[in-house]
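Hi,

Here is the structure I promised to pass on, with my notes below it. Have a look at it first, then read on when you have a moment.

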Amino acid sequence: MKGKVKFYFTGVFGYGRYSGNQLATFINADTLEEGEMQKIAREINFSETTFILSDAKRNNGYDVRIFTPSSEVDFAGHPALGTAFVIQKYLLQKDVDEILLNLKVGQIPVRISQEKDGETLYWMKQMNPTFTTPSNPKALSQILGVQKNDIDNRYPIEEISTGLPHIIIPLKSLSALKKIRINIMKYEEYIHSSKAKIILAFSRESYSADQQLAVRVFPISLGIPEDAATGSGNGCLAAYLLKYRYFETDKIDIVVGQGYEIGRPSLLHLRAMRKGDEYTIEVGGRVIPIAEGTWS
């Protein structure tokens, strides 16, 4: 590493101190080698760490790389929002309506809006979803450590991607969601034959009255036992809700709770609509500044 590099910690999808999904973002990180980035991400050990390579734009966007503690990923939700916040607040130092991020999956826009309640929300538009063959409910109930009848069989289990594939599993109750204990051996056996390796389970029963769904996400293959708030996964969930008309509508505007079981309660806003095979999906939330420093 040549010289010192500035970094910022944020809580994405948070609503106060010690909430949301933690993110470390490094600016002007083009002096770092790929191996150094991976070591830094492992050292910090947040679910993701992002590196803004330069404060100069390319194709009107900013080049960004995303690392989990174990590997680099092409796309992720909360890192996109938190990185856009850092660009706006610390690089641009002015209000803008949109920031474009050049990720490995392609160019991703992050929209910034002032809501009616006065909150500033960061919104990420996701790619049109792809759907693959539903998975085996029996195997997945064993992976989750729940009973087969805890899975809501009115809806299928499905593998969906809006940039990062997830296995979407509907459960009947919040109590079923809370009792999940991943069987690592069965999980590792399962993912060898599955393109989607991240599990998202949800229930209609929520953690509080201002939420419409409760969610837990397990990106174990990425070195993360459980995620506090997952923008990419909730984008897949939004596509699922529309495809199967979970709320009996082709348009949703809901709030999802996640991260409660690991002490990082988070709120994610899902706004999406469907017209035929075309989906418009946005996942949004607040970004809370936590700390800043210099990596030397």
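Arginine 111 and glutamate 282 form a salt bridge through their side chains, with 2.8 Å from N to O. Arginine 111 belongs to strand 7 (residues 106–114) and glutamate 282 to strand 16 (residues 278–285), so this pair ties together parts that lie 171 residues apart in sequence. Glutamate 282 counts as buried, at 15% relative accessibility, while arginine 111 is partly exposed at 29%. Please keep in mind that this is a predicted model.

Since glutamate 282 sits in strand 16, let me stay with that strand for a moment. How many of the eight residues of strand 16 are buried? Six of them are, which leaves the strand mostly covered. Strand 16 has strand 8 (residues 120–126) as an antiparallel partner, joined to it by five bridges. In that pairing, glutamine 126 stands opposite isoleucine 281 of strand 16. Strand 15 also pairs with strand 16 in the antiparallel sense, over seven bridges, and here arginine 274 is the residue opposite tyrosine 279. Strands 15 and 16 make a hairpin with two residues between the strands, where glycine 276 has a positive phi near 65°.

Aspartate 253 and arginine 271 meet through their side chains at 3.3 Å, N to O. Aspartate 253 is in strand 14 (residues 251–258) and arginine 271 is in strand 15 (residues 266–275), so the pair ties together parts that are 18 residues apart in sequence. Aspartate 253 is exposed, with a relative accessible area of 53%, whereas arginine 271 is partly exposed at 26%.

In total, the structure holds 14 salt bridges. One of them joins arginine 65 to glutamate 34, and the closest N and O atoms are 2.8 Å apart. Why does this pair tie together separate parts of the chain? Arginine 65 is found in strand 4 (residues 62–67) and glutamate 34 in helix 1 (residues 34–44), so the bridge spans 31 residues of sequence. Arginine 65 is buried, at 18% relative accessibility; glutamate 34 is partly exposed, at 46%. Both also belong to a network of salt bridges that links Glu34, Arg65, Glu72 and Lys104.

Now for the rings. Searching the whole structure turns up 17 aromatic pairs. Among them is the tilted pair of phenylalanine 7 and phenylalanine 9, with 5.2 Å from centre to centre and 40° between the planes. Phenylalanine 7 is buried, at 12% relative accessibility. Tyrosine 155 and tyrosine 246 are tilted as well, with their centres 4.8 Å apart and their planes at 45°. This tyrosine pair links distant parts of the chain, 91 residues apart: tyrosine 155 is in the loop between helix 3 (137–144) and strand 10 (158–161), and tyrosine 246 is in the loop between helix 6 (231–243) and strand 14.

Which of its residues are buried? They are Tyr187, Tyr190 and Ile191. Viewed down the axis of helix 5, these buried residues fall within an arc of 90°, so they line one face of the helix. Met185 and Glu189, on the other side of helix 5, are exposed. The buried residues of helix 5 pack against helix 3, strand 10, strand 11 (166–171) and strand 12 (198–203).

Best wishes

Methods:
Residues numbered from 1 in each chain as written. Predicted model: local features only at pLDDT ≥ 70, side-chain atom pairs only at ≥ 80, totals over all residues. Heavy atoms only, no water. Salt bridge = Lys/Arg side-chain N within 4 Å of Asp/Glu carboxyl O. Helix = DSSP H or I, 4+ residues; strand = E, 2+ residues; numbered from the N terminus. Buried < 20%, exposed > 50% of the residue type's maximum accessible area, 1.4 Å probe, protein only. Phe/Tyr/Trp six-rings, centres within 6.5 Å; stacked < 30°, edge-to-face > 60°. Pairing = 2+ DSSP bridges. Arc of directions from axis to C-beta. Contact = heavy atoms within 4.5 Å.
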